[in-house]
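Open the model in your viewer and keep the selection tool at hand. This tour goes from stop to stop, saying what to select and what is there.

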Amino acid sequence: MTFASDATSAATPAKAQRVLVLQGGGALGSYQAGAYQALSHFDFEPDWIAGISIGAVNAALIAGNEPAKRIERLKEFWQTVSSAAPWVPVPITKGEQERSFYNETSAALVATFGAPGFFAPRIPPAPLWPKGSPESESYYDTSPLRRTLERLVDFDRINDLKCRLSVGAVGVTSGNLRYFDNVEFKRVGKRIGPEHIMASGALPPGFPSIVVDGEHYWDGGIASNTPLDFVLDTETDDDLLIFQLDLFSARGPLPQSMLEAAEREKDIRFSSRTRMSTDKNRELHNTRKAVRDLIDKLPDDLKSDPSAVYLRETTRENAVTVVHLIYRSKNYETSSKDYDFSHVAMVEHWEAGVRDVHRSMQHKDWLEWPQNGETMVTYDLLGDESPPKKEQAK
């Protein structure tokens with residue numbers, strides 16, 4: 001198997017806590033692995049990784065290995081789960097319609113037989129199990145994923161806080177989104193294990209809920225498909241350089257067929273409303289800065305008033321740069337793209353991640369720290385020759 005070549009040049013990002021934010025997206029997750037491969041050669045090794053669903057799996061593979069082994073472990077995972085259908089039929093070299101048929105066929109095989117090292121169909125199927133039994137709530141068994149995580153992830157390294165790790169899951173009965181965070185766990189004497197990663201990716205009804213501390217959890221993407229809000233709400237003191245890798249695009253063309261409509265609906269549903277999240281946080285930064293500016297205009301006797309002192313302290317903020325890169329679907333991809341674990345699709349997504357980071361690095365504006373009173377800036381990297389689109393809070 002071959003992957004896109006590594007980058008050879010290096011850049012020096014702004015001095016800040018470096019954060020990698022990984023969205024959910026099933027089989028599309030190999031895009032994140034390829035992007036990380038490129039980023040690691042541009043001097044971007046994260047201090048903190050936050051993930052949802054397949055993003056949590058990639059996050060664990062990165063945080064749970066020393067830097068020299070991370071790409072090797074990512075490759076091993078994605079080679080394993082995509083090894084069931086390595087064949088490439090002749091029609092793949094023809095037009096988009098033939099390629100779409102190949103993708104749909106590959107996804108159907110995965111739906112029927114599962115993905116090695118990840119999930120396997122229940123035999124007998126879920127409806128034939130007694131109601132209330134663990135086997136009756138999902139079509140697939142995810143115990144293969146536990147064994148894969150135990151083999152490829154050093155959970156001692158994660159719990160020794162070599163790199164901060166946060167993964168999100170939803171309580172089945174509470175409906176609340178909860179983050180399993182190794183820093184917070186360390187404070188209360190708990191440990192991150194395979195079950196926390198599996199809980200973050202337990203998307204029903206395909207996958208069963210995972211029990212953690214006596215409560216059942218499902219895929220965090222049910223509530224929010226990105227951990228960006230958690231990162232911004234958790235860290236308000238240290239400056240942050242956040243690289244966010246999303247697998248679904250909120251924006252797209254008008255569908256021209258039922259297959260395109262199904263894909264567009266899924267893109268919108270899982271696009272994580274990232275723009276709304278960043279807009280909200282920029283508004284908060286605007287408000288805080290307005291309060292501080294107003295306090296600066298007060299007479300000296302009012303500046304020392306306890307209320308003014310309190311407001312100045314509570315509106316103190318860190319500088320935040322969010323670098324946002326989104327996977328853009330190919331014309332031949334359909335709504336099955338997130339469970340097409342074919343070898344061909346996996347390599348394509350991986351190489352797209354490498355390529356998009358390389359192209360984005362041609363415009364290194366996002367490596368510059370906020371200036372001229374800016375406190376939060378967002379760059380939308382387009383993965384092509386276009387310069388990043390910048391939005392800012394002033």
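Predicted model: local features only at pLDDT ≥ 70, side-chain atom pairs only at ≥ 80, totals over all residues.

**Stop 1: helix 1 and helix 3**

Select residues 30-40, which form helix 1, and residues 67-81, which form helix 3. How do their axes cross? They come within 10 Å and cross at roughly 160°. Angles over 145 degrees count as roughly antiparallel, so helix 1 is roughly antiparallel to helix 3. Now check the handedness: helix 1 passes helix 3 in a left-handed crossing.

Next, show the side chains where the two helices meet. On helix 1, pick S30, A33, Y36, Q37 and S40. On helix 3, pick R70, I71, L74, K75 and W78. Colour this contact by class and you get five nonpolar, three polar and two charged residues.

**Stop 2: the largest pocket**

Move on to the largest pocket, which holds about 650 Å³ of space.

Helix 2 (54-63), helix 4 (96-113) and helix 10 (258-270) are the elements that give two or more residues to the lining. Which of them gives the most? Helix 10 does, with three residues. Colour the lining by class: 20 residues are nonpolar, nine are polar and four are charged.

**Stop 3: the second largest pocket**

Turn to the second largest pocket, with about 370 Å³ of space. Select P253, E263, D267, S329 and N331, which lie nearest its centre. In total, 19 residues line this pocket. Keep the class colouring on. The lining here divides into six nonpolar, five polar and eight charged residues.

Look back at helix 10 for a moment. Its range is 258-270, and E263 and D267 are among the residues nearest the centre of the second largest pocket.

**Stop 4: N176**

Finish at a single residue. Select N176, placed in the loop between strand 5 (164-171) and strand 6 (177-181). What does N176 touch, leaving out residues up to four places away in sequence? Its contacts are A169, V170 and G171.

Key: Residues numbered from 1 in each chain as written. Heavy atoms only, no water. Axes fitted to C-alpha atoms, helices over the stretch in contact; angles between N-to-C directions. Helix = DSSP H or I, 4+ residues; strand = E, 2+ residues; numbered from the N terminus. Parallel < 35°, antiparallel > 145°, perpendicular 65-115°, else oblique. Left-handed = near helix turned anticlockwise from the far one by under 90°. Contact = heavy atoms within 4.5 Å. Nonpolar A, V, L, I, M, F, W, Y, C, P; charged D, E, K, R; others polar. 1 Å grid on protein atoms, 1.4 Å probe; cavity = no way out; pocket = protein on both sides within 12 Å on 5 of 7 lines; lining within 4 Å. Points joined across faces, edges and corners; volume = space filled by probe spheres on them.
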